[in-house]
Amino acid sequence: MNRTSVVIVGGGLSGLYAAHRLEQAGLHDYVVLEARTRLGGRLLSESAGEARFDLGATWYWPDMQPQLDEVVRALGLRTFPQHEAGMMVFEQSATAPVRHLDGLQGESTPSMRIDGGMARLVDALAARVPGEKIRTGHGVRRIERLTETDTRVESVTEGGEVHHIFARHVLLALPPRLVAERITFEPPLPDPLARAWADCPTWMAPHAKYVAVYPQPFWRAQRLAGSARSYAGPMVEIHDASPAGEGMGAIFGFIGVAAATRQRIPAEALIDLCRAQMGRLFGPEALHPTAEWLKDWSTDAFTATPADTVSAGGHATAPPAAPGDGPWQGRITGIASEWSTLFPGYVAGAIDAASEGTRALSIS
């Protein structure tokens, strides 16, 4: 019989950090189930040459998020500040970009990036978890409480194979709304808890990012910061995404077109519009990226639900992470970022929620 003490549902940052904490505490009897064929969840970095570029989360703030910073440093990852020097471009319309001095855009607390992309954080944690503990391509669809000590977790592979694991406790390392939408609980969750989870917006789910890579950050020679704000679109907020050090340059932008509208536009057409906007903002060189990507998280079945298509996708107040009473009390705990009471929806929230969730298992 396939039995373990803990099942971690989700192999994103919170799931992998929870597994890492279990290893550190000497609890090696666990399994991580990840529906995707890759690890990382909403931390996604794509490669161009020797550099990687973030299509999901990009920044964190060490002064405000010391626990995450401590994890980054303990894993030996290098960081560097977000490039801000230079002028920001403000686009009122598609025909009249206006430059503003950098003093109008600066942040009091610098945003930090991980050298090599946020996926380095995923890679470093995965390297500390034994490979046999992680099963990718296993989407959990049903969780049943059988006895006082047994909970059955049912997953299905891409090929349709059904697997069962029996555990004492389940850590839910995926967004609350996704849990409520995709996983059947038997007996059902308490109605107030199920509604709270279903009503919790999923960070990144309604959003899309465009990234363009160039041989060098040519805009800096024009005293531009590589950042912009636009009322013309399709991108509304743009930032320098260049790697640390000399060499390759990159810029990314958040798409301002609503998710429901984006899904009616061919991806190639939206990419063309983004590239044209880059040319308006940063000049002819911006029209010829060496690599480019569009990641629409609203079409990612492992991130978004239909409710996210009409959601603003902000950082909502964290719902309860576990039932306070009833048959599921002490059996399931939510540990994804949205369950963090400190940083719901942020990268730091995944570390915080996973720490709290494993602490509930009496892990120090």
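**Cavity, pocket, sheet and cysteines in a predicted model**

The structure holds 1 cavity of 30 Å³ or more, where a cavity is a set of points, on a 1 Å grid over the protein atoms alone, at which a 1.4 Å probe fits but cannot get out. The model is a predicted one, in which local features need pLDDT of at least 70 and side-chain atom pairs count only at pLDDT 80 or more, whereas totals for chains, interfaces and linings use all residues. Residues are numbered from 1 along each chain as its sequence is written, and side-chain values use heavy atoms, with hydrogens and water left out.

The largest cavity has a volume of about 40 Å³, a volume being the space filled by probe spheres set on the grid points, which are joined across faces, edges and corners. Its lining, made up of residues with an atom within 4 Å of a point, consists of Phe53, Asp54, Thr58, Arg113, Lys209, Val211, Ala241 and Phe252. At least two lining residues of the largest cavity come from each of β4 (51–54) and β15 (208–214), strands being DSSP runs of E of at least two residues and helices runs of H or I of at least four, numbered from the N terminus. By class, this lining comprises 4 nonpolar, 1 polar and 3 charged residues, with Ala, Val, Leu, Ile, Met, Phe, Trp, Tyr, Cys and Pro counted as nonpolar, Asp, Glu, Lys and Arg as charged, and the others, Gly among them, as polar.

The second largest pocket, a pocket being an open set with protein on both sides within 12 Å along at least five of seven lines, contains about 540 Å³ of space. Of the 34 residues that line the second largest pocket, Arg36, Leu174, Pro175, Leu178 and Phe302 lie nearest its centre. The elements that each supply at least two residues of this lining are α1 (13–24), β2 (30–34), β10, α4 (176–182) and α8 (347–359), and β10 gives the most, with 4 residues.

Strand β10 also belongs to an open sheet of 4 strands with mixed pairing, in the order β12-β11-β10-β14, two strands being paired if DSSP finds at least two bridges between them. The edge strands, each pairing on one side only, are β12 (162–167) and β14 (184–186). Strand β10 (residues 138–145) pairs with β14 in the parallel sense over 3 bridges, and Glu144 stands opposite Glu186 in β14.

Cys200 is buried, with a relative accessible area of 4%, and Cys274 is likewise buried, at 0%, buried meaning under 20% relative accessible area (1.4 Å probe, protein chains only).

Notes: Buried < 20%, exposed > 50% of the residue type's maximum accessible area, 1.4 Å probe, protein only.
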